[in-house]
Amino acid sequence: MIDLTELEHDTISELINIGVGRAASSLSEMVEQPVELTVPRITFVERFSDTDLAKAPTEIVSAVSQTFDGPFKGEAMLVFPEERSLELVRSLLKVDVPLEALTDLEQEALMEVGNIILNACLGSISNVLGEPINCSMPSFRKRESRSLLDQDGASSQTGKKPVLMILHVQFMLRQNDIDGYVLFVMDLDSIQMLRELVRRFLANSLG
Amino acid sequence: MAPQKSVLLIDDSKFARLLVKAFISSNFAGWEINEAEDAAKALGMVAEKSYDYLLVDFNMPGMNGLELCEKLRAQFPDTVIALLTANIQKEIQNKAESIGVDFLAKPPTEEKIRDYIASKEAGR
C-alpha cells in the first residue's frame with residue numbers, strides 16, 4: 001500500500017519511539033511510577049476496523065484527540081479503557097478530592113493528560129525533523145472502540161478512499177493496572193510528506 | 001515572615017490550575033493565587049491588580065500563550081512571567097526566550113513549581 005524502505009520504516013518507528021519516550025517520561029512524572037512502553041508498530045489500513053486494535057469493538061474507551069498540522073497533518077490520540085480512567089485521574093491528583101468532584105474533574109484531567117502526552121510526542125518529532133507542527137486544542141470522546149475514528153477529518157475530507165497510517169504504542173502503569181495506547185492517524189498525502197522529510201533527515205544525518 | 005506574593009495562573013485547563021495552585025499553596029503559605037481560563041480574562045485581571053508571578057499556558061482558545069506573554073511582558077517589565085506548557089517544540093522555547101519569558105515544560109510537578117519560584121525569590 002505504501003512502499004517504505006526498511007530504513008524509512010525504522011526511522012519513522014524511531015521518531016515515534018523518541019516522541020512516546022518523552023511522553024512516557026511526562027506521564028511517569030505525573031503518576032510517580034514507571035511507565036512501560038511497547039515497541040511502536042506501524043500499520044497501513046483503509047478502515048480503522050481493519051486494525052487489530054478493534055479486537056474488542058464494543059469496549060468503551062476514553063480518548064483524547066488533537067489534530068496537528070504542519071508539513072504533514074493528521075490526528076493523534078491517547079486511548080484507554082473507560083473503566084480505568086477514574087483510576088488514572090486518582091493517580092494524577094496530588095490533592096485529596098471527594099469522589100463527586102473527582103468525577104467532575106475526570107474529563108478535565110484526562111484532557112490535560114492527553115495534551116501533555118500528545119504534545120510531548122509531536123514536539124519531539126518536530127524537534128528531530130526541525131519542522132514546526134501546530135496542534136489543535138485537545139478534544140475528548142468516550143465511545144465504543146470500533147467508532148473511535150468516526151468523524152475523522154482525514155477520512156471525510158477526501159473523496160477518494162483514504163489510507164490511514166496507524167502508529168500504535170501501548171503504555172502500561174503496572175502499579176495501577178492501567179494500560180492504554182497512542183495512535184497517530186495520517187492520510188496518504190501526509191504519509192508521503194512524512195516519508196519525504198524522513199528521507200531528508202536521513203540524507204542529512206548520514207551525510 | 002516573608003512577604004506574601006501574588007500569582008495569576010492562566011490556563012484553560014481547570015485541572016492544570018488546580019494542581020499548580022495546590023503546589024504553590026503548600027510551599028508558599030499565604031500567597032494569593034488567582035486564576036484565569038483565557039487571555040481575555042487574564043488581561044482584564046492584570047488591569048485591575050498587579051501580580052508578582054504570571055504563569056501562562058500556551059495552547060488556549062482565543063489568543064495563545066505566547067501572544068499573551070508578549071503583551072504582558074510589554075506592560076509588566078519586572079514581573080516574573082513563565083510559559084508553562086506541554087508544547088516542548090524548540091520553536092516555542094526560542095520564541096519564549098526572545099520575548100523575555102521563562103519556559104517551563106508540563107507536566108507541572110510540585111518540585112518543578114516549588115524550585116522555579118524559590119529560585120526566583122532567591123534572586124530578588
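Helix 5 of chain A spans residues 188-206, and its 19 residues reach 26 Å from first to last C-alpha, close to the 27 Å expected at 1.5 Å a residue (1.5 Å times one less than the number of residues).

The model is a predicted one, in which local features need pLDDT of at least 70 and side-chain atom pairs count only at pLDDT 80 or more, while totals for chains, interfaces and linings use all residues. Residues are numbered from 1 along each chain as its sequence is written, and chains are lettered from A and ligands numbered from 1 in the order in which they are written.

Stepping back to chain A as a whole, there are five helices and eight strands (DSSP runs numbered from the N terminus, helices being H or I of at least four residues and strands E of at least two). Along the sequence they follow the pattern α-β-β-β-β-α-α-β-β-α-β-β-α. Of the 207 residues in chain A, 40% are buried.

Chain B holds an open sheet of five strands in the order 2-1-3-4-5, with parallel pairing (two strands pair if DSSP finds at least two bridges between them). Strand 2 (32-36) and strand 5 (102-105) of chain B stand at the edges with a single partner strand each, so one side of each is left without a neighbour in the sheet. From one strand to the next, the twist averages 20 degrees. Strand 1 (residues 6-10) of chain B is joined to strand 2 of chain B by five bridges, and B:L9 stands opposite B:E35 in strand 2 of chain B.

Now for the meeting of the two chains: 18 residues of chain B are in contact with 20 residues of chain A (C-beta atoms, placed from the backbone, within 7 Å). Helix 1 (14-27) and helix 4 (90-98) of chain B are the elements that give two or more residues to this side of chain B. Helix 1 of chain B provides the largest share, five residues.

Note on methods
Axes fitted to C-alpha atoms, helices over the stretch in contact; angles between N-to-C directions. Buried ≥ 20, exposed ≤ 12 C-beta atoms within 10 Å, placed from the backbone.
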